[in-house]
Amino acid sequence: QVQLVESGGGLVQAGGSLRLSCAASGSIVSINPMGWYRQAPGKERELVATISSGMAANYADSVKGRFTISRDNAKNTVYLQMNTLKPEDTAVYYCYADVEIYRRIRSAYWGQGTQVTVSS
């Protein structure tokens, strides 16, 4: 089994910053990609950013230039630095990992979610 443990959410004023972390543990051969999704009340879950094991990053248009995703492959950890936060960034943020658990057998895992609230 694989577990994803997130941290770093909270309440911040508009224009502020937060940093999310997500550490994966368990039966892991490799992880590609890791990333973050978010879900606001009454809306579908949406992609925020993903990053490959080779450090290639992909961002939603709504966060480009404000959010930066990074990862530490040795620690199986992914980070999301969120700057210039806006009220519309308020959501539950979920960590995502596509994990090779055994000899090309892959499975997707999700974290439990961490709340980010941006006040105006």
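**Note on the disulfide and the sheet**

1. One disulfide (a pair of cysteine sulfur atoms within 2.5 Å) is found in a search of the whole structure. The model is predicted: local features need pLDDT of at least 70 and side-chain atom pairs count only at pLDDT 80 or more, while totals for chains, interfaces and linings use all residues. Residues are numbered from 1 along each chain as its sequence is written, and side-chain values use heavy atoms, with hydrogens and water left out.

2. The disulfide joins Cys22 and Cys95, with the sulfur atoms 2.0 Å apart. Cys22 belongs to strand 3 (residues 18-26) and Cys95 to strand 9 (residues 91-102), so the bond ties together parts that are 73 residues apart in sequence. Strands are DSSP runs of E, at least two residues long, numbered from the N terminus.

3. The torsion about the S-S bond of Cys22 and Cys95 is about -85 degrees, and the disulfide is therefore left-handed.

4. An open sheet is formed by four strands in the order 1-3-8-7, with antiparallel pairing; two strands pair if DSSP finds at least two bridges between them. Strand 1 (2-7) and strand 7 (67-72) are at the edges with a single partner strand each, so one side of each has no neighbour in the sheet.

5. Strand 7 pairs with strand 8 (residues 77-82) in the antiparallel sense over six bridges. Arg71 is placed opposite Val78 of strand 8.
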